[in-house]
Amino acid sequence: MARKNPNIIITGTPGVGKTTHAEQLARATGFKHISVNQIVKDEGFHEGRDEELGSWIVDEDKLLDYLEESQISEEGGRVLDWHACDLFPERWIDLVVVLRCDSTVLYDRLTARGYKDKKLDENMDSEIMQVLLDEARESYKEEIVVELRSDSVDDVDGNLERIEQWVENWKKDRKD
Ligand code: DAT
């Protein structure tokens with residue numbers, strides 16, 4: 001059975017605005033916001049923490065089994081929010097949004113979060129080197145990957161309008 005609603009990944013370097021976008025998009029569309037970080041933490045899908053980076057060492061098999069059992073592929077209507085995207089099977093995903101942020105803006109957001117030393121440096125490098133954009137382009141068909149800016153609140157509003165329009169078109173195309 002083909003899903004009636006699309007599955008959307010919102011990805012990008014920590015601090016670019018994934019959660020901000022995913023929450024608002026889920027509210028506007030009625031889709032389910034899947035905060036991968038939260039699930040990993042709540043369900044224990046990890047093998048401890050990388051203390052230096054301050055992030056979970058994720059057990060990807062457990063995470064993917066969990067998502068598969070939640071009928072993600074059949075039901076659709078999920079907004080996946082995570083700083084990686086290459087682990088999700090292509091057949092689950094209809095749109096990959098890669099958020100990008102000016103490096104001075106990102107620096108301020110990450111230091112406000114208390115990031116410092118290696119964690120701050122690695123995330124800044126990752127954004128400057130467009131690591132997540134490259135990962136998305138290598139993992140999914142070019143036509144489903146979109147790069148959007150997330151420097152300001154106006155950007156968020158514009159991005160949401162664009163994604164909601166894309167959702168409408170996706171649904172219309174499948175009805176015809
Ligand atoms: P992420 O989920 O990618 O780590 P977030 O949504 O938690 O990012 O946002 C990090 C902080 O930056 C948070 O305080 C909200 C703010 N922010 C995010 N995107 C923004 C934007 N486009 N304009 C203004 N503030 C933004």
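Helix axes are lines fitted to C-alpha atoms over the stretch in contact, and the angles between them run from 0 to 180 degrees between N-to-C directions. Helices (H or I, at least four residues) and strands (E, at least two) are DSSP runs, numbered from the N terminus.

The structure is a predicted model, in which local features need pLDDT of at least 70, side-chain atom pairs count only at pLDDT 80 or more, and totals for chains, interfaces and linings use all residues. Residues are numbered from 1 along each chain as its sequence is written.

**Packing of α1 and α8**

Helix α1 (residues 18-29) packs with helix α8 (residues 153-175) at an angle of about 45°, their axes being 10 Å apart. The pair is therefore oblique, the class left over when angles under 35 degrees count as roughly parallel, over 145 as roughly antiparallel and 65 to 115 as roughly perpendicular. The crossing of α8 by α1 is right-handed, that is, the near helix is turned clockwise from the far one by less than a right angle.

On the α1 side, Thr 20, His 21, Gln 24, Leu 25, Ala 28 and Thr 29 take part; they meet Val 156, Asn 159, Leu 160, Ile 163, Glu 164 and Val 167 of α8. These residues comprise six nonpolar, five polar and one charged. Here Ala, Val, Leu, Ile, Met, Phe, Trp, Tyr, Cys and Pro count as nonpolar, Asp, Glu, Lys and Arg as charged, and the others, Gly among them, as polar.

**Two buried positions**

A residue is buried if 20 or more other C-beta atoms, placed from the backbone, lie within 10 Å of its own. Val 167 belongs to α8, whereas Gly 17 lies in the loop between β1 (8-11) and α1.

| Residue | Other C-beta atoms within 10 Å | C-alpha separation |
|---|---|---|
| Val 167 | 20 | 9.3 Å to Leu 95 |
| Gly 17 | 26 | 9.7 Å to Ser 152 |

Leaving aside neighbours within four places in sequence, Val 167 is in contact with Pro 6 and Thr 29. With residues up to four places away likewise not counted, Gly 17 touches Leu 99, Ser 150 and Val 156.

**The nonpolar core**

A nonpolar core is a set of buried Ala, Val, Leu, Ile, Met, Phe, Trp, Tyr and Cys residues joined through C-beta atoms within 7 Å. The largest has 30 residues, of which Ile 9, Ile 10, Val 79, Leu 80, Val 96 and Val 97 touch the most other members. Strand β6 (residues 95-100) supplies its largest share, four residues. Beyond four places in sequence, Ile 10 is in contact with Lys 18, His 21, Ala 22, Val 79, Leu 80, Asp 81, Val 97 and Leu 99.

Definitions and conventions. A residue is buried if 20 or more other C-beta atoms lie within 10 Å of its own, exposed if 12 or fewer, and partly exposed in between; C-beta atoms are placed from the backbone. Two residues are in contact if their C-beta atoms, placed from the backbone, lie within 7 Å.
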